[in-house]
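Dear colleague,

Here is the structure for your files. My notes on what was found in it follow below.

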Amino acid sequence: MSFMRSTTCVPMTTGLLFVWVCLCSSMLRVPVASGAQGLKTKLVAKYYGIEKCKDKESLFHFANVSYVLHDDGGTLVNAILDFLVPISSFKTIVVNINRCAGGVASNLCEYYTRWTWSTAICSLLVTKNMIWTPWVECIKPTFKCPVPAIRRYCTNCSLDLRLADSMGLRFVDKYIWDTEIQLWSERNQLAFCMTMYFEPQRVPTHKSGSKS
Ligand SMILES: *[C@@H]1O[C@H](CO)[C@@H](O)[C@H](O)[C@H]1NC(C)=O
Ligand SMILES: *[C@@H]1O[C@H](CO)[C@@H](O)[C@H](O)[C@H]1NC(C)=O
């Protein structure tokens, strides 16, 4: 993709951060989709479906997924997350991204991109200011390596789409995004595989205290 050609990468500690900083710095030269002039907006996610990958064996169960409408117009997700075996660390994250115009039927979706990270995944998962940060932080008990095989609860979880915006998932709010997130263990087993359909929605930001 064109924004991978940046020459202004800032070397950082992990492979992912390296890529991330490249993306962000190259995006500074590209107009970012925004709301009406002068109106401050933010992207929130409306989820159409979050489930375990149907076509792949993995080492966790996802149960009782439910959705709650948030004050800001986005959706919050509740779910039970059970890892079936302990996992000492993760080796790779793969995110397959398709985008869908007008609906989520397979004939409306097309391949968009694929992200793969394979450096320092355990620290990456708990790094602040990533698209997944609020999601990881809302999991109780805490989700970090090593991952014991215990029940965890996701309560009011959501992604932080501001980063998607600055990474240049362009016109992000015109599509429904069909993403598959894979976490591979250090033993090269597919530990976690989740599909997530979401539609970013650009909503006005409210002054603190006010509601829509
Ligand atoms: C999951 O949902 C089922 C059906 O509503 C309920 O019986 C069960 O107690 C729930 N599990 C947990 C752990 O809340
Ligand atoms: C989750 O969000 C709902 C709706 O905004 C709220 O009523 C509830 O208190 C929240 N729960 C927690 C644990 O934050």
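Two strands are taken as paired here if DSSP finds at least two bridges between them. On that basis, strand S3 (residues 75–83) and strand S7 (residues 151–157) are joined by 5 bridges and run antiparallel. Please keep in mind throughout that this is a predicted model.

**Confidence**

The average pLDDT of the chain is 78, and 75% of the residues score at least 70. Over residues 1–36 the pLDDT is below 50, although this stretch has 49 contacts in the model beyond near neighbours in sequence. Residues 208–212 also have a pLDDT below 50, with 5 contacts beyond near neighbours in sequence. Where pLDDT is low, the predicted coordinates should not be read in detail.

**Overall makeup**

The chain contains 4 helices and 9 strands. Along the sequence they follow the pattern α-β-β-β-β-β-α-α-β-β-α-β-β. The chain has 212 residues, of which 21% count as buried. Among the contacts in the chain with a separation of 6 or more, 66% are between residues 24 or more positions apart.

**The sheet**

In general, the strands of a sheet pair through backbone hydrogen bonds, either parallel or antiparallel.

Two positions of S7 can be followed into the pairing. Ala-79 stands opposite Cys-154 in S7, and the bridge partner of Ile-80 in S7 is Tyr-153. S7 also pairs with strand S6 (residues 139–140), in the antiparallel sense and over 2 bridges. There, Ile-139 has Cys-154 of S7 as its bridge partner.

**Ligand 2**

Which residues are around ligand 2? They are Val-68, His-70, Leu-76, Thr-155 and Asn-156. By class, this shell has 2 nonpolar and 3 polar residues, and no charged ones.

Regards

Terms used: Residues are numbered from 1 along each chain as its sequence is written. Chains are lettered from A and ligands numbered from 1 in the order in which they are written. This is a predicted model: local features need pLDDT of at least 70, side-chain atom pairs count only at pLDDT 80 or more; totals for chains, interfaces and linings use all residues. A residue is near a molecule or strand if its C-beta atom, placed from the backbone, lies within 6 Å of it. Ala, Val, Leu, Ile, Met, Phe, Trp, Tyr, Cys and Pro count as nonpolar, Asp, Glu, Lys and Arg as charged, and the others, Gly among them, as polar. A residue is buried if 20 or more other C-beta atoms lie within 10 Å of its own, exposed if 12 or fewer, and partly exposed in between; C-beta atoms are placed from the backbone. Two residues are in contact if their C-beta atoms, placed from the backbone, lie within 7 Å. pLDDT is the predictor's confidence in each residue, from 0 to 100.
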